[in-house]
Amino acid sequence: MATARPFPKVTGGCFCRKTRYRIETAPLFCYACHCQDCQKASGSVFACYASIERDRVTSIGELDPSLTVPVPGVLREQARCSSCQTILWACGDYSPASIDIKVGTLDIPTLMEPDMHAFIESKVDWVGIPEGAKTCKGDFDRRDAWPKASLERLRVAMQKHDKAMEENKALAEQRKTTPASSDVPEDDEDGADASDKTPTAQSPDEKETDEEFEKRFKETESTLLARLEQLSKKLSQEETPEAAMQKLNLDEQPKDP
Ligand SMILES: [Zn+2]
Ligand SMILES: [Zn+2]
């Protein structure tokens with residue numbers, strides 16, 4: 001297993017702060033969706049998502065996210081806080097191996113600027129699009145829009161997910177055919193080794209080599225550093241809120257005290 005090293009921490013959570021999560025790597029893609037479904041479902045004028053591999057998100061709060069399918073066949077599986085009902089993410093469009101995190105639930109949402117603005121035709125007029133930002137009418141095709149490295153990461157995640165599903169299915173079949181006596185709780189069984197665990201019970205990091213960790217670490221670090229640099233540049237160009245407030249106060253000072 002990889003040795004502990006500092007990792008850029010990107011955390012998020014719900015409104016009541018009982019359900020918290022940490023993302024372990026840079027997202028695959030970030031997009032804003034201005035479609036009417038997203039407007040209705042979010043109750044806002046557009047939705048903003050960061051797509052990421054499902055197993056790269058760790059629950060770190062008092063409560064684990066609760067997974068529900070609000071309307072089977074219509075709405076995708078969602079992760080909510082079981083206390084305040086904030087929706088943290090939805091299952092990805094492409095595979096159960098990926099999820100779309102709601103960017104507004106990140107502690108520093110400004111880190112994730114959309115790589116793409118989709119359904120631009122239903123965007124409300126007063127929402128501006130940053131200069132140079134990519135836009136598209138209707139939905140985008142990830143094969144054209146996503147960086148190659150992200151497509152490859154999704155492919156690997158889908159493969160891993162499918163394999164785990166197959167192994168789980170095989171395990172369930174095996175349980176059905178073996179006598180009930182072998183189904184004793186694990187507590188009663190001394191010397192249970194790793195092979196007794198279900199594949200999903202294993203943390204993905206357990207199998208990660210130092211080399212893989214290094215690669216993931218570098219990817220995340222460089223993406224986040226680039227975003228932070230962009231952000232600080234933007235902030236230094238703009239007035240600070242305090243300066244703006246001061247100016248406003250000066251301008252609005254009553255003529256006759
Ligand atoms: Zn909550
Ligand atoms: Zn949408």
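Trainee: Where does Ser-82 lie, and is Ser-82 buried or partly exposed?
Mentor: Ser-82 lies in the loop between β7 and β8, where strands are DSSP runs of E of at least two residues and helices are runs of H or I of at least four, numbered from the N terminus. Buried means under 20% relative accessible area, exposed over 50% and partly exposed in between, with a 1.4 Å probe and protein chains only. At 41% relative accessibility, Ser-82 is therefore partly exposed.

Trainee: What kind of model is this, and how are residues numbered?
Mentor: This is a predicted model, in which local features need pLDDT of at least 70 and side-chain atom pairs count only at pLDDT 80 or more, while totals for chains, interfaces and linings use all residues. Side-chain values use heavy atoms, with hydrogens and water left out, chains are lettered from A and ligands numbered from 1 in the order in which they are written, and residues are numbered along each chain as its sequence is written, from 1.

Trainee: Which residues does Ser-82 touch, leaving out those up to four places away in sequence?
Mentor: Contact means heavy atoms within 4.5 Å. Leu-63 is 19 residues from Ser-82 in sequence, and the C-alpha atoms of the two are 7.6 Å apart. The residues that Ser-82 touches are Thr-19, Leu-63 and Ser-66.

Trainee: Why is the arrangement around the zinc ion (ligand 1) called tetrahedral?
Mentor: Donors are N, O and S atoms within 2.8 Å of the metal (3.2 Å for Na, K and Ca), and sites may look incomplete because water is not among the atoms. Here the SG atoms of Cys-14, Cys-16, Cys-81 and Cys-84 coordinate the zinc ion (ligand 1) at 2.2 to 2.4 Å. Four donors count as tetrahedral if all angles lie between 85 and 135 degrees, and the arrangement is tetrahedral because the four donor atoms subtend angles of 106 to 114°.

Trainee: Which residues coordinate the zinc ion (ligand 2)?
Mentor: Along the chain, the donors of this ion follow the spacing C-x1-C-x2-C. Both Cys-33 and Cys-38 are buried. At 2.2 to 2.3 Å, the residues that coordinate the zinc ion (ligand 2) through SG are Cys-33, Cys-35 and Cys-38.

Trainee: How are the rings of Phe-29 and Trp-146 paired?
Mentor: Rings of Phe, Tyr and Trp (its six-membered ring) pair if their centres lie within 6.5 Å, and planes under 30 degrees apart count as stacked, over 60 as edge-to-face and the rest as tilted. For Phe-29 and Trp-146 the centres are 5.9 Å apart and the planes at 20°, so the pair is stacked.

Trainee: Which residues form one aromatic cluster?
Mentor: Five aromatic pairs are found in the whole structure. The rings of Tyr-31 and Phe-140, with centres 5.3 Å apart and planes at 75°, are edge-to-face, and both residues are buried. The cluster is formed by Phe-29, Tyr-31, Tyr-49, Phe-140 and Trp-146.

How values were computed. Tetrahedral: all angles 85-135°; square planar, octahedral: opposite > 155°, others 65-115°.
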